[in-house]
Amino acid sequence: MGMGIGMGLNLLLLVAMVATNILSLYHLSSIRNNSPPPPQTLDPAGADVPDNLLQQLHTIRATIAHLPRLRSPSSPSSISPPATATPPELLLYSHIGPIASACSDYPALLHRYMNYPPFAPCPRDLHSVAEPLLLRGCHPLPRRRCFSPTTPKPLSPSSLPSDPFPLSLPDAAVLWPPAAPCRSFSCLPASLGFDPKTEASRFLSAKSVLDLPLPQLLSLARSAGTAPIRLVLDVGGGTGTLAARLRLLTNATVLTTTMNLGAPYSEAAALRGVVPLHAPLQQRFPVQDGVLDLVRTGHAVNRWIPAPALEFLLYDADRVLRTGGFLWVDHFFCKGPDLDAVYAPLIGRLGYKIIKWAVGNKTDAGGRHYGEVYLTALLQKPRPAKA
């Protein structure tokens, strides 16, 4: 039995290694006979590709040609999102599979990602191609032998804001897509977190029972008798307002996971002195086990996420939290009946101590209620059970 398990693990690792090599050289291959031929692979000196590399590429092309045949009949046949009522900014293709297995479901999109001239600037559509792959559960290797496009001129130190809540953010710090409808921060809606003046008041006071101001959070943490909140992960933190405010209040180090989704969330967070982790919600957090004091889930974590993906997220939050650390579920929304039937039991299985649990109706801008509710909860990780 043990030998069979060991052989299975070895086989899985072998498949992962082969897949990694295929993806890293994929930009030199063609996935279909009618696809445009890939660019010539010349080094800076103009020398031809070595024979041994060409032999490897012939083998890789033969393997790539089988990718469409390996796809499940139920897999999407195009890169267009399925018809759904889900708001576009919250769409998540949470394909949960081992070792980037979802990449084989999207060969056309993967080909676009890896098709570029080597030793030249990477295509300007880096985010527009990489993010759809990430959201579909495919985490390709970084592009190799091309150089990430950056702004034409480096920013002077004086142009970088020293205050995380400045009057404005420098537009020159962003490489705006040529076809973008907005090419300045002032053009972007303030409701998305791009107006520092609006963000300056967030997390400081409560407008309803669903809010958890940071002074109250820090007071609850002190009352619980735990260590100060120093290391934090903000999941779906947008432009990094929580991280900026906690740094001012407690000098805490906060990592913020972001996805740009058509707007420069990551760039805005970086300009405010916040470290943006460009990562989707279904990705394992790149954090060591048991080291964080607080994990917060923001507006992006809601009922649109498939329940299995949400369960992975919650248990990964448990993995990175230390004993006595806090999980802050901030304005999670769902259908009213689903809170008691699905999500409260899902959260309850963590076995955390409830410090705050508040539920309120979710309404639109006109005050209309459509049967959805918000949940804000502060939960404390207990001591591990004795063996």
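Residues are numbered from 1 along each chain as its sequence is written. Because the model is predicted, local features need pLDDT of at least 70 and side-chain atom pairs count only at pLDDT 80 or more, while totals for chains, interfaces and linings use all residues, and side-chain values use heavy atoms, with hydrogens and water left out.

**Overall make-up**

The protein has eleven helices and nine strands; helices (H or I, at least four residues) and strands (E, at least two) are DSSP runs, numbered from the N terminus. Of its 387 residues, 43% count as buried. Buried means under 20% relative accessible area, exposed means over 50%, and partly exposed lies in between (1.4 Å probe, protein chains only). The accessible surface comes to about 20400 Å², and carbon and sulfur atoms hold 60% of it; the areas are from the Shrake-Rupley method with a 1.4 Å probe. Among contacts (heavy atoms within 4.5 Å) with a separation of 6 or more, 71% are between residues 24 or more positions apart.

**The α10 and α11 pair**

Helix α10 (residues 307–320) and helix α11 (residues 336–348) have axes that come within 10 Å and cross at roughly 25 degrees. Therefore α10 is roughly parallel to α11, a term for angles under 35 degrees. The axes are lines fitted to C-alpha atoms over the stretch in contact, with angles running from 0 to 180 degrees between N-to-C directions. The crossing of α10 with α11 is right-handed, meaning that the near helix is turned clockwise from the far one by less than a right angle. On the α10 side the contact is made by A307, L310, E311 and L314, and on the α11 side by Y343, L346 and I347. These residues divide into six nonpolar, no polar and one charged. Here Ala, Val, Leu, Ile, Met, Phe, Trp, Tyr, Cys and Pro count as nonpolar, Asp, Glu, Lys and Arg as charged, and the others, Gly among them, as polar.

Helix α4 (residues 107–114) contains L109. This helix is mostly covered, with six of its eight residues buried: P107, L109, L110, H111, Y113 and M114. L109 counts as buried because its relative accessibility is 2%. Its C-alpha atom is separated by 8.3 Å from that of P132, 23 residues apart along the chain.

W328 has its place in strand β7 (residues 321–335). With a relative accessibility of 0%, W328 is buried. Apart from neighbours within four places in sequence, W328 has contacts that include F203, L242, R296 and T376. W328 and I355 are 27 residues apart in sequence, and their C-alpha atoms are 9.8 Å apart in space.

**Two residues with positive phi**

Most residues other than glycine have a negative phi. F119, which is not a glycine, has a positive phi of about 60 degrees, and N251, also a residue other than glycine, has a positive phi near 60 degrees. F119 lies in the loop between α4 and β1 (120–121), and N251 is in the loop between α8 (241–250) and β4 (253–258).

| Residue | Relative accessible area | Class |
|---|---|---|
| F119 | 38% | partly exposed |
| N251 | 62% | exposed |

Conventions: Angles under 35 degrees count as roughly parallel, over 145 as roughly antiparallel, 65 to 115 as roughly perpendicular and the rest as oblique.
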